[in-house]
Amino acid sequence: MTIWEMLAVFAAGISAGTINTIVGSGTLITFPVLLAVGLSPVTATVSNGLGLVAGSISGAIGYRAELTGQRRRVLRLAAVATVGGVTGAALLLTLPSTAFETIVPILVTLALALVILQPRISAAVQRRREANGTTTHPDGGPLLLVGILLASVYGGYFTAAQGIIYMALMGMLINDTLQRLNATKNILAAVVNSVAAVFFLFVADFDWTAVALIAVGSTIGGQLGAKVGRKLSPKVLRALIVVVGTVALVQLVLYRYG
């Protein structure tokens, strides 16, 4: 890489780390930049995934206060995310590159719809539970475990908008604040990125310059994202998720059909 290309990758890492911590979809910044500097799609994907591990961990540390009291929930969901992440990583190396391109925009569209409608749906579900005398499962129950598993398979494969899908699922099935769910989302993203990266270490080629630049940049971005994200009100955070998710959706569609 030239010095300017290195600076571009570093800046993309900072931006991705920031956005991933607050919302998700940071890969939609780093991935095109890596392609632009000459990396192949698979090398760009695996290098990006390994580089963003540091940013995911940084963001999770920044949200550590919101993780208080979530140990059991995080461990259950992280175990499922681990299986999904390894599965997705294996699929990346065995399926054709177009395998997920059609389904990804559909997943993101559904996730955005759930994020937008979540307050109304949650209120309706709560009224029904009160009428039936039942309570919300603190960890989301079996339905959330299945959803997290499938979202993590996708995350191990590509990661773009993974965080938005996590937030949509947890927002629908767990009765908790968006900030606490966002903290859990950062842990899950860190787990999936980490297990996929370990898998790739043994079977794929990396561009270690790109990995290092994204790792350092996303670590800085993770701290920036935590400082900003933790101050956002639920309405603003939800609106930001929708805006970023919409931009991500448009970019995914253009990448698929452009």
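The crossing of helix 6 and helix 8 is right-handed, a crossing being called right-handed if the near helix is turned clockwise from the far one by less than a right angle, and left-handed if anticlockwise. The model described here is predicted, so that local features need pLDDT of at least 70 and side-chain atom pairs count only at pLDDT 80 or more, whereas totals for chains, interfaces and linings use all residues. Residues are numbered from 1 along each chain as its sequence is written, and side-chain values use heavy atoms, with hydrogens and water left out.

Helix 6 (residues 141-157) and helix 8 pack with their axes 9 Å apart and at an angle of about 50 degrees. The two helices are therefore oblique to each other, the term covering angles that are not under 35 degrees (roughly parallel), over 145 (roughly antiparallel) or 65 to 115 (roughly perpendicular).

Helix 8 (residues 178-203) also supplies four residues, the largest share, of a nonpolar surface patch. This patch, of about 710 Å², is made by Val 42, Leu 93, Val 198, Leu 201, Phe 202, Val 203 and Trp 208; patches consist of residues with over 30% relative accessible area and no salt bridge, nonpolar side chains being joined within 5 Å and like charges within 9 Å. Val 42 is placed in helix 3 (residues 41-62) and, at 38% relative accessibility, counts as partly exposed, where buried means under 20% relative accessible area, exposed over 50% and partly exposed in between (1.4 Å probe, protein chains only).

The structure holds three salt bridges, each defined by a side-chain nitrogen of Lys or Arg within 4 Å of a carboxyl oxygen of Asp or Glu. In one of them, the side chains of Glu 66 and Arg 230 meet at 3.0 Å, N to O. This pair links distant parts of the chain, 164 residues apart, with Glu 66 in the loop between helix 3 and helix 4 and Arg 230 in the loop between helix 9 and helix 10. Glu 66 is buried at 13%, while Arg 230 is partly exposed at 37%.

Asp 176 forms a salt bridge with Arg 73, the closest N and O atoms being 3.0 Å apart. Because Asp 176 lies in the loop between helix 7 and helix 8 and Arg 73 in helix 4, the pair ties together parts that are 103 residues apart in sequence. Asp 176 also meets Arg 180 in a salt bridge of 2.9 Å, N to O, and salt bridges that share partners join Arg 73, Asp 176 and Arg 180 into one network.

Key
Areas by Shrake-Rupley, 256 points an atom, 1.4 Å probe, with all protein chains shown as cover. Axes fitted to C-alpha atoms, helices over the stretch in contact; angles between N-to-C directions.
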